[in-house]
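Please keep the sequence and the coordinates at hand while reading.

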Amino acid sequence: MQATQTKRAPKRAAKKVSCDECYFRVNLLCALELPEPCATFRPNEAQLKPPQQLRFVFRHERRTRAAWAFPSAQEQAALHA
């Protein structure tokens, strides 16, 4: 049997980034003097904004009435009459 060879797509080389392209450095918010970008590097392509969060969706109520409820005023009056 011959082993089948699969062709893999060549991996793209990661783009080298520099501190000059960092949001914090461009906006004078960086206080670090490092030879390479730090872990907080963010590209200065657009405004820095947090990722969009998931929307919270309420489930539909399964019951139309609560399992327990306080008696109404008329029901209380009838109990103590």
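The paragraphs below take up the overall fold, then the cysteines, then the aromatic rings.

The model is predicted, and its secondary structure consists of two helices and zero strands. Of the 81 residues of the protein, 5% count as buried, while the exposed surface comes to about 9,400 Å², of which carbon and sulfur atoms supply 55%. Among contacts between residues at least 6 apart in sequence, 10% join residues at least 24 apart.

The structure holds zero disulfides. For Cys 19, the closest cysteine sulfur belongs to Cys 30 and lies 6.1 Å away, which is too far for a bond, because a disulfide needs the two sulfur atoms within 2.5 Å. Cys 22 is likewise in no disulfide, with the sulfur of Cys 38 as its nearest cysteine sulfur, at 6.1 Å.

A search of the whole structure finds one aromatic pair. This pair is formed by Tyr 23 and Phe 24 and is edge-to-face, with 5.5 Å from centre to centre and 85° between the planes.

| Residue | Relative accessibility | Class |
|---|---|---|
| Cys 19 | 17% | buried |
| Cys 22 | 6% | buried |
| Tyr 23 | 19% | buried |
| Phe 24 | 22% | partly exposed |

Key:
Residues are numbered from 1 along each chain as its sequence is written. This is a predicted model: local features need pLDDT of at least 70, side-chain atom pairs count only at pLDDT 80 or more; totals for chains, interfaces and linings use all residues. Side-chain values use heavy atoms; hydrogens and water are left out. Helices (H or I, at least four residues) and strands (E, at least two) are DSSP runs, numbered from the N terminus. Buried means under 20% relative accessible area, exposed over 50%, partly exposed in between (1.4 Å probe, protein chains only). Contact means heavy atoms within 4.5 Å. Accessible areas come from the Shrake-Rupley method with a 1.4 Å probe; for residues, only the protein chains shown count as cover. Rings of Phe, Tyr and Trp (its six-membered ring) pair if their centres lie within 6.5 Å; planes under 30 degrees apart count as stacked, over 60 as edge-to-face and the rest as tilted.
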